[in-house]
Amino acid sequence: DDVFEPSADWKTIQPGQAIPAGLHVRMDLQSGKKEAKLLEENKEEVEESESVLPRDQRRGIINTNRKIFTKKELSEMLSKIPDDGDSAIPPALPDMSDKRTKNSSQNLTAEELEAMLKTIGLNMRSEVEIMMTHVETLADSEATNEARLDALNELEFFVHQFDNARDLNSIGGLVLVVR
């Protein structure tokens, strides 16, 4: 049971230690060192969902409505979840090491990225192609008012960029928006 034992003075939190709720915690952003201590009395208000232990048993304010898990406990619980094979996480991108060395400073071209995304079932479209879909919705005489309103809202998002506004005009969308 690797739980941080707080005191009135700042103490270093070791990696993997669970931290009880209600402590004053700080982290040095340069070194990554984390420290915690008990909150000073009368500076923090205790909510109804939290209880305060007698002073001799106090380890900070403990939230009684929440279970604290260590990394090890979480890992054990996650390992017990069955893998049904129907994961929402897409498969990893294919390995491109045959085309590039690991020390290469080259970036992927748009075509290479598009090909990689297609292999995992994602289709990359340009902003003009997306705007054309919304313009087609506006031009469709059978489209509902709700569909047209959604299309207008989406187009409004895109035309905040000057290039997209100009492209909207060049594909005939401005005429449909104004009428």
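In what order do the strands of the open sheet come? The 3 strands follow the order E1-E3-E2, with antiparallel pairing.

A quick note before the close-ups: this is a predicted model, where local features need pLDDT of at least 70, side-chain atom pairs count only at pLDDT 80 or more, and totals for chains, interfaces and linings use all residues. Residues are numbered from 1 along each chain as its sequence is written, and side-chain values use heavy atoms, with hydrogens and water left out.

View 1. Strands here are DSSP runs (E, at least two residues), numbered from the N terminus, and two of them pair if DSSP finds at least two bridges between them. E1 (11–12) and E2 (23–27) stand at the edges with a single partner strand each, so one side of each has no neighbour in the sheet. E1 and E3 are joined by 2 bridges, and Lys-11 stands opposite Ala-36 in E3.

**View 2. Lys-37 in strand E3.** Lys-37 is buried, at 12% relative accessible area (buried is under 20%, exposed over 50%, partly exposed in between, with a 1.4 Å probe and protein chains only). Beyond neighbours within four places in sequence, its contacts (heavy atoms within 4.5 Å) include Trp-10 and His-24.

**View 3. Phe-157 meets Phe-158.** This is the 1 aromatic pair found in the whole structure. The ring centres are 5.4 Å apart and the planes at 75°, so the pair is edge-to-face (centres within 6.5 Å; planes under 30 degrees apart are stacked, over 60 edge-to-face, the rest tilted). Phe-157 is exposed at 59%, while Phe-158 is buried at 8%.

Note on methods: Helix = DSSP H or I, 4+ residues; strand = E, 2+ residues; numbered from the N terminus. Phe/Tyr/Trp six-rings, centres within 6.5 Å; stacked < 30°, edge-to-face > 60°.
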